[in-house]
Amino acid sequence: PAWLRRLCGQLLSERLMRPSGVQAVVRGIMEGTGAGGAGAEAAAVDWRKCDTVAKILASCPQQCLSLEDYYRLVCPQILDLLHIQDKLTARQFQRVATTTVLTMAKEHPQLAEKHLLQPLLAPLLQCSET
């Protein structure tokens with residue numbers, strides 16, 4: 001029903017914009033993915049799930065006051081997904097993070113540059129300047 005979809009969307013949005021909310025949402029959705037399963041079919045399901053999570057993360061919720069605020073709150077959390085230590089979890093989180101970065105860069109290049117690409121490339125730029 002529409003009311004349930006709206007309520008779930010609101011709860012998801014609120015959680016995403018909290019500290020560590022992105023990681024909690026990704027963990028909740030990806031839980032159980034990649035553990036077992038056979039070959040190509042399991043890998044395909046894993047990729048589809050990662051793409052779906054990335055699309056969710058790249059979409060600014062209606063409850064957010066501005067796209068800029070959403071990017072400011074969520075992008076650092078997306079970059080944090082690249083630093084997960086557990087091997088299995090890291091692979092999934094890195095897929096989600098890279099797909100989200102690509103999607104955000106296509107949809108809103110200026111905001112993605114400011115909140116994702118500049119922080120991501122800052123160490124490289126710093127090394128090239130010295």
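Helices (H or I, at least four residues) and strands (E, at least two) are DSSP runs, numbered from the N terminus. The structure is a predicted model, in which local features need pLDDT of at least 70 and side-chain atom pairs count only at pLDDT 80 or more, whereas totals for chains, interfaces and linings use all residues. Residues are numbered from 1 along each chain as its sequence is written, and side-chain values use heavy atoms, with hydrogens and water left out.

**Exercise 1. The chain as a whole**

Determine which elements the protein chain contains and in what order they run.

Solution. Step 1: the protein chain has six helices and zero strands. Step 2: read from the N terminus, the order of its elements is α-α-α-α-α-α. Step 3: of the 130 residues in the protein chain, 32% are buried (buried means under 20% relative accessible area, exposed over 50%, partly exposed in between, with a 1.4 Å probe and protein chains only). Step 4: the protein chain exposes about 8200 Å², and 59% of this area is supplied by carbon and sulfur atoms; accessible areas come from the Shrake-Rupley method with a 1.4 Å probe, and for residues only the protein chains shown count as cover. Step 5: among contacts with a separation of 6 or more, 67% join residues 24 or more positions apart, where contact means heavy atoms within 4.5 Å.

**Exercise 2. From H1 to H2**

Solution. Axes are lines fitted to C-alpha atoms, for helices over the stretch in contact, and angles run from 0 to 180 degrees between N-to-C directions. Step 3: H1 contributes Leu12, Arg15 and Leu16, which meet Gly21, Val22, Ala24 and Val25 of H2. Step 4: sorted by class, this contact of H1 with H2 has five nonpolar, one polar and one charged residues. Here Ala, Val, Leu, Ile, Met, Phe, Trp, Tyr, Cys and Pro count as nonpolar, Asp, Glu, Lys and Arg as charged, and the others, Gly among them, as polar. Step 6: serine 20 is exposed, because its relative accessible area is 53%.

**Exercise 3. Serine 13**

Is serine 13 buried or exposed?

Solution. Step 1: serine 13 belongs to helix H1 (residues 2–16). Step 2: its relative accessible area is 8%, so serine 13 is buried. Step 3: when neighbours within four places in sequence are left aside, serine 13 is in contact with Pro61 and Gln63.

**Exercise 4. H2 against H4**

Find the crossing angle of H2 and helix H4 and name the residues that make the contact.

Solution. Step 1: the axes of H2 and helix H4 (residues 67–80) cross at roughly 60 degrees and come within 8 Å. Step 2: H2 and H4 are therefore oblique to each other. Step 3: Gly21, Val22 and Gln23 of H2 make the contact with Val74, Gln77 and Ile78 of H4. Step 4: these residues divide into three nonpolar, three polar and no charged.

**Exercise 5. H5, H6 and methionine 104**

Describe the contact of H5 with H6, then the surroundings of methionine 104.

Solution. Step 1: helix H5 (residues 87–107) and helix H6 (residues 109–129) have axes that come within 6 Å and cross at roughly 140 degrees. Step 2: H5 and H6 are therefore oblique to each other. Step 3: Val101, Met104, Ala105, Lys106 and Glu107 of H5 make the contact with Pro109, Ala112, Leu116 and Leu117 of H6. Step 4: the classes here are seven nonpolar, no polar and two charged residues. Step 5: methionine 104, in helix H5, counts as buried because its relative accessibility is 0%. Step 6: beyond its neighbours within four places in sequence, the contacts of methionine 104 include Leu57, Tyr70, Cys75 and Ile78. Step 7: methionine 104 and leucine 57 are 47 residues apart along the chain, and their C-alpha atoms are separated by 8.9 Å.

How values were computed: Parallel < 35°, antiparallel > 145°, perpendicular 65-115°, else oblique.
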